[in-house]
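Please keep the sequence and the structure in view while reading.

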Amino acid sequence: MKLFNKGAYLRAGLITLITLIVLNIAGTNPVYAIQKKAADTTVSTADVTFTDIPTAADSIAIRKKQADSVKKAEAAKVTKTSASASKTAEKPKSLWQIFIEGLLGGFTAVILPCIYPLLPLTVSFFTKKSGSKSKAVMQSLIYGVSIIVIYVTLGLLISIIFGSDALNELATNGIFNIFFFLLLIVFGISFLGAFEIVLPSKLANKLDENSDKGGLAGIFFMAATLVVVSFSCTGPIIGTLLVDAASKGDRLGPAMGMFGFSLALALPFTIFALFPSALKTLPKSGGWLNSVKVVLGFLELAFALKFLSNVDLAYHWNWFDREIFLSLWIAIGLMIGLYLIGKIKFSHDSDVKYLTIPRTFLAIIVFAFVIYMIPGLWGAPLKSISAFLPPEATQDFNLSNIPDGSGSAAASSSAAIPASIGERKYAANYTRIKTKGLDAWYDYDQALQVSKALHKPILIDFTGFNCVNCRKMEANVWSDPQVFSRIKNDFVLLQLVVDDKAELPVNEQFVSDYSGKKITTLGGKWSNLEAQRFNSNSQPLYVMLDGDGNLLKDASGAEIPTSPANYDIASYLKFLDSGLAAYKK
C-alpha cells in the first residue's frame with residue numbers, strides 16, 4: 001500500500017485534530033437566539049416623548065406609566081441575566097451526558113459480532129503491511145481518526161438538516177415519537193435475530209475497492225468500509241443514540257453523541273496497533289458475541305416504550321398507564337434474565353453448557369432489577385427510575401402513603417376561594433400528571449385571582465408531559481415532607497404544561513409578539529409565556545410571583561431568580577423559604 005511520507009501524515013493529523021477541536025467548541029447557547037430576540041424587544045425609555053397636558057391627573061398618569069416602563073425593563077434585564085446564567089450552566093452537562101452515552105454505546109458496539117472479530121484482522125493488516133511499527137501506529141491513528149470524522153459528519157448533518165428549533169420540537173412531536181417507537185421496535189427485533197439491517201452491498205463493495213488505492217485515501221475508505229459493513233450491529237445503537245440526542249434539543253447534541261460513539265469505536269484499533277501483543281489477552285469470538293446482541297435487542301424494545309408513553313401523555317390517549325409500562329418492563333427483564341441463564345434460546349444461539357461468571361453476575365443484576373420494579377405495580381415510588389416511567393397519577397391502583405390532601409387545611413383553602421373564580425380550568429387535561437395531595441391550578445390568570453383571595457404567593461412549575469427531569473423532581477424532591485408541606489400549605493401551585501397538544505379555542509389563538517409564530521395549542525401558550533417573560537425554554541423551571549404577577553424580591557430589593565431543576569432538597573427548601581419570606585415582608 002502506497003503511503004504518504006511522515007510529514008504529510010503529521011500535517012493531515014494536525015488538520016484533523018484542529019477540525020475536531022473546532023467541532024467541539026463551536027456550540028452555541030441553545031437559547032441564545034431567544035435571548036437575543038428578547039433583548040431586542042426589551043422595553044426602553046430612550047424614545048419616550050413628553051407632551052404638555054393641561055390636567056395634573058393626566059400628567060401623573062404619564063409619569064406613572066413611564067416609571068412602570070423603566071421598572072419592567074429593569075426586571076426583564078435581571079430575569080434575563082438569571083435565566084441565561086442558569087441555562088449556560090446546564091448546557092455543558094447535557095452535552096457531556098450525550099457524549100458519555102455515545103462513548104458507552106461505542107464500547108458496546110466493539111463487542112458485537114460485526115466488529116469484534118475485525119479487531120485482530122485490522123491490526124494485523126496494519127502491522128504486516130506497513131513494514132515498521134511507527135508506520136503501523138500512524139496508519140492506525142489515521143484509521144481511527146477517519147472513523148471519528150465519518151460519524152461526527154453524520155451527527156452534524158442531522159443537526160444541519162433539522163436545525164436547533166426543529167430539534168427542540170422533536171421531543172414532543174407525536175409523529176416523531178411514534179416513528180421512533182416503531183423504528184426501535186424494528187431495531188430490537190433485528191438484534192433478536194429475525195433479520196439483519198444492512199446497507200446496500202454495492203456501497204460496501206465500492207468502498208472496499210477504493211480502500212485498495214493506498215495512501216491516506218485508501219485508509220479512509222477502509223474506515224468507511226468498516227462503518228458500512230458493521231451497520232447491522234451499529235445501526236440500532238446509532239439510531240437510538242441520535243434519537244436521544246435529537247430529543248435533547250441541543251444543536252450539537254447529535255454531533256457530540258457521534259463523537260463519543262466513534263471515539264470509543266476507534267480507540268481499540270489504535271491501542272492494539274500500539275500494543276499488538278495485547279490481542280492475545282482478548283476473549284475468543286464465539287456465541288457470547290451473539291448473546292450481547294440479543295440482550296441489546298431486549299433493551300431496544302424497553303427503550304421504545306418511552307416514546308409511546310410520550311405520545312400517550314401529550315395527546316391524552318389515556319391508555320398507556322404506569323402499571324402497563326411497568327408490566328412490560330418486568331416481562332422484558334424476566335426474558336433477559338432467563339436468556340442469560342440459558343433457559344431461553346433463539347434459533348441462531350449456541351448452547352449454554354454452563355454459566356460463566358459474567359453471565360451469573362449479569363443475571364443477578366437483571367433479576368434484582370425485576371424484583372425492584374414489582375412493588376411499583378401497587379404504587380411504590382421507584383425513585384431510581386421514576387423519571388422514565390409514566391407519572392404516578394396514571395396508576396389505577398396505588399397503595400402509596402403520600403398524603404391525600406383530605407385534611408382541614410385543604411378544606412379551609414377550598415372554602416376561602418371565592419365561587420366567582422369558578423372551576424379549575426384545564427384540570428381534566430392533567431389528571432395523569434397530578435401529584436397526589438397537591439391541588440394545582442393550570443391557568444395563569446386564574447392563579448393570580450386565587451393568590452389574591454388566599455393571600456399566598458404563586459409557585460409556577462413550568463413542566464411537561466415528556467419532561468424526565470420534572471418527574472425526577474416530583475418523585476425525589478417534592479415527596480420530601482418539608483417540601484411537600486411548603487408547596488401544599490404556603491403556595492398557590494400553578495403548573496403550566498408546555499407540551500400539551502390540546503387546541504386552544506379559535507378566539508384564544510394568537511400570533512406571539514415575541515416569536516412571531518401563531519400559537520394554537522395550550523402548551524404553546526405557556527411555552528411562549530416562559531420564553532417571553534422569563535427568557536427560558538427548559539423544564540422544569542420554578543418561578544415565585546405575588547398576586548399581581550411580579551417576581552418576589554428579597555430583603556435587599558433584588559428579584560428572586562427563577563430556579564431550574566434542583567435535586568438538593570435543602571437548596572430547594574431554601575429557594576421556597578426565600579419566596580415565602582419575601583411575600584410576607
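## An aromatic pair in the interior

Tyr542 is buried, because its relative accessible area is 1%, under the 20% limit that defines the term. The model discussed here is predicted. Tyr572 is likewise buried, with a relative accessible area of 0%.

A search of the whole structure finds 17 aromatic pairs. A pair of aromatic rings is described by the distance of the centres and the angle of the planes.

## Other aromatic contacts

Trp319, Phe320, Phe325 and Trp329 together make up one aromatic cluster.

## The disulfide

A disulfide is a covalent bond between the sulfur atoms of two cysteines. The structure holds 1 disulfide, which joins Cys467 to Cys470 with an S to S distance of 2.1 Å. The torsion about the S-S bond of Cys467 and Cys470 is about 80°, and the disulfide is therefore right-handed.

Are these two cysteines buried or exposed? Cys467 is buried, with a relative accessible area of 11%. Cys470 also counts as buried, at 1% relative accessibility.

## Salt bridges

The whole structure contains 6 salt bridges. One of them is formed by Arg471 and Glu474, whose closest N and O atoms are 3.0 Å apart. Both residues lie in helix H16 (residues 468-476), where they are 3 residues apart, about one turn of the helix. Arg471 and Glu474 are both buried.

Arg486 forms a salt bridge with Asp577, with 2.7 Å between the closest N and O atoms. This pair links distant parts of the chain, as Arg486 is in helix H17 (residues 481-490) and Asp577 in helix H19, 91 residues apart. Arg486 is buried, with a relative accessible area of 18%, whereas Asp577 counts as partly exposed at 31%. The side chains of Asp439 and Lys434 also meet in a salt bridge, at 3.4 Å from N to O. Asp439 is partly exposed at 41% relative accessibility, and Lys434 is partly exposed at 32%.

## A nonpolar patch on the surface

Which residues form the nonpolar patch on the surface? They are Phe107, Leu267, Ile271, Leu274 and Phe275, which together have about 430 Å² of accessible area. Helix H10 (residues 253-274) gives the most to this patch, with 3 residues. Phe107 is found in helix H3 (residues 56-110). At 39% relative accessibility, Phe107 counts as partly exposed.

## A loop residue

Gln539 is placed in the loop between helix H18 (522-534) and S5. Gln539 is partly exposed, with a relative accessibility of 24%. The C-alpha atoms of Gln539 and Ser527 are separated by 9.8 Å, while the two residues are 12 residues apart along the chain.

Note on methods. Residues are numbered from 1 along each chain as its sequence is written. This is a predicted model: local features need pLDDT of at least 70, side-chain atom pairs count only at pLDDT 80 or more; totals for chains, interfaces and linings use all residues. Side-chain values use heavy atoms; hydrogens and water are left out. Patches are made of residues with over 30% relative accessible area and no salt bridge: like charges are joined within 9 Å, nonpolar side chains (Val, Leu, Ile, Met, Phe, Trp, Tyr) within 5 Å. Accessible areas come from the Shrake-Rupley method with a 1.4 Å probe; for residues, only the protein chains shown count as cover. A salt bridge is a side-chain nitrogen of Lys or Arg within 4 Å of a carboxyl oxygen of Asp or Glu. Helices (H or I, at least four residues) and strands (E, at least two) are DSSP runs, numbered from the N terminus. Buried means under 20% relative accessible area, exposed over 50%, partly exposed in between (1.4 Å probe, protein chains only). Rings of Phe, Tyr and Trp (its six-membered ring) pair if their centres lie within 6.5 Å; planes under 30 degrees apart count as stacked, over 60 as edge-to-face and the rest as tilted. A disulfide is a pair of cysteine sulfur atoms within 2.5 Å.
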